[in-house]
Amino acid sequence: MTSALPFTPERPLRVAVIGSGPSGIFATEALLKQQDVPVEVDVFDRLPTPYGLVRYGVAPDHLTIKSVTRGFEKTLSDPRVRFLGNVEFGTDLTYEEAKAHYDALVYTVGASSDRRLGIPGEHLQGSMSATEFVAWYNGHPDAATREIVLHATGVAVIGVGNVALDVSRILVKTVDELRESDIATHALGALEQSHVKDVWVLGRRGPLQAKFTTKELREFGELSGADPVVRAEEIAVTAAEEARVTDNVVKKNLEVLRDFAGRTPEGKDRRIHLRFLVSPVEILDDGQGHVGGLKVEKNRLDEQGNAVGTGEYEVLPVQMVLRSVGYKGVALPGVPFDERQGVIPNVEGRVAGRVGEYTAGWIKRGPSGVIGTNRKDAVDTVSHLLEDANTGRLPLAPQPARAAVDALLREKGVDVYTFHDWQVLDAHELAQGQAQGRPRAKVVHRHEMLQHRRTATQETEG
Ligand code: NAP
């Protein structure tokens with residue numbers, strides 16, 4: 001059945017946004033900003049807490065990036081919006097149930113998995129994805145119980161994107177520097193005991209092909225406990241190659257790398273080696289199932305700028321390997337998925353082969369761009385959703401009331417975490433942080449979040 005009439009304040013357009021990370025909130029904001037279609041939005045998240053990547057992906061020492069949440073709070077506080085945390089799409093709310101209660105679904109679940117290298121030794125103890133490591137130090141509930149002991153003195157980080165720089169920086173920062181961040185308390189404790197001395201960040205291609213941005217690269221020159229080390233021969237580019245560079249970020253990156261290459265190390269306790277034209281070929285076993293080294297092959301670039309092995313090898317003395325070669329989307333039950341690309345197949349945000357279903361952010365286009373990139377992406381998707389709403393192309397939900405969703409979730413025993421619950425937890429985390437002289441002390445376990453709400457409610461009632 002399709003809608004013949006526009007939506008009204010009495011029967012607003014009902015939208016479910018699945019995933020409360022940046023793209024989900026930007027999509028919600030875009031729905032609120034327009035005046036043509038009266039709208040109600042329910043934003044779901046499988047975690048009790050909102051903001052996805054901002055809380056669990058952005059580096060804990062990049063607090064200014066996290067200030068984007070002030071705008072997110074405004075969006076989630078709008079009376080037309082509800083946040084329903086701790087609700088897993090596919091089980092707590094199935095695809096069929098969502099279709100019965102909402103006129104439109106917007107999938108904004110990001111890219112929570114990672115890509116593998118496909119080299120021998122990836123299974124060894126001490127080899128893991130940057131995604132797992134980031135989740136651990138950011139206190140993601142799914143990674144909170146993971147024991148990461150930093151007995152490695154050498155760590156290799158594969159890839160030269162911003163995530164690689166994030167994890168490397170966290171590994172070489174001093175405890176005093178880390179205290180200024182909102183890093184999870186368990187990770188702060190482990191990093192305090194860390195033996196790390198050398199971190200190698202490995203790019204398979206040259207400095208002109210690196211994906212990181214200059215601001216992030218510069219931070220390596222400003223660390224109190226680590227020297228940046230760059231080999232001049234690995235960042236050498238010909239005048240002709242340099243003349244062809246049009247991207248300002250690439251030009252500035254090269255300037256910073258040259259500055260690092262020209263520095264004499266100050267003899268700080270730790271070193272961060274930015275290496276280029278090397279590919280990992282095997283993670284070596286120390287004989288006990290643990291990482292004992294990383295064999296890399298030196299590369300040259302072909303005419304197209306692809307890495308080609310030279311047959312010359314080197315072994316790096318590392319006991320930990322973090323692969324930081326890109327995130328990957330995960331399929332949602334009942335929703336089309338392109339396994340190869342790790343995205344929901346779509347045409348400009350309209351899910352392929354479906355009506356009333358949309359997608360935005362990393363699960364729409366893959367894991368690229370900064371947080372702000374997702375605003376335009378979400379606005380584009382929402383413009384198509386609204387076009388469909390205005391032209392009667394949305395299937396009308398048979399049970400469009402908020403109360404009907406609430407009743408369904410109650411019946412299924414789902415313990416919904418509301419935006420108010422989050423605000424109480426947020427205030428608690430900030431207060432706990434302040435007491436420790438830190439910006440925030442995160443509550444990491446799901447059961448602690450739910451328990452905190454019970455305690456806070458009892459205190460209010462008592
Ligand atoms: P990314 O920027 O796509 O970088 C992935 C890196 O992995 C590239 O250097 C790539 O090299 C390398 N790589 C891929 N496969 C490889 C292999 N088999 N062997 C060796 N190297 C390999 O991904 P990301 O770092 O995960 O970042 C994801 C997005 O989040 C990016 O848009 C990033 O800018 C953004 N982000 C931003 C910030 C910030 O603004 N501060 C922080 C974190 C993340 P090739 O180029 O040769 O493929």
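The ligand takes up the space of the largest pocket, a pocket being an open set of points on a 1 Å grid over the protein atoms alone, with protein on both sides within 12 Å along at least five of seven lines. The model is predicted, so local features need pLDDT of at least 70 and side-chain atom pairs 80 or more, while totals for chains, interfaces and linings use all residues. Residues are numbered from 1 along each chain, and side-chain values use heavy atoms, with hydrogens and water left out.

So who sits around the ligand? In all, 22 residues surround the ligand (a heavy atom within 4 Å counts), and the closest are Val160, Arg204, Arg205, Glu216 and Gly369. Ten of the shell residues are nonpolar, seven polar and five charged, with Gly counted as polar.

Now for the polar contacts (N or O atoms within 3.5 Å). Oxygen atoms of the ligand lie 2.7 Å from a polar side-chain atom of Arg204, 2.8 Å from one of Arg205 and 3.1 Å from an N or O atom in the side chain of Asn162. The protein buries 82% of the 920 Å² that the ligand exposes when taken alone (Shrake-Rupley method, 1.4 Å probe).

How values were computed: Polar contact = N/O pair within 3.5 Å; in protein donor to acceptor, adjacent residues only side chain to side chain. 1 Å grid on protein atoms, 1.4 Å probe; cavity = no way out; pocket = protein on both sides within 12 Å on 5 of 7 lines; lining within 4 Å. Sits in = over half its atoms within 2 Å of the grid points.
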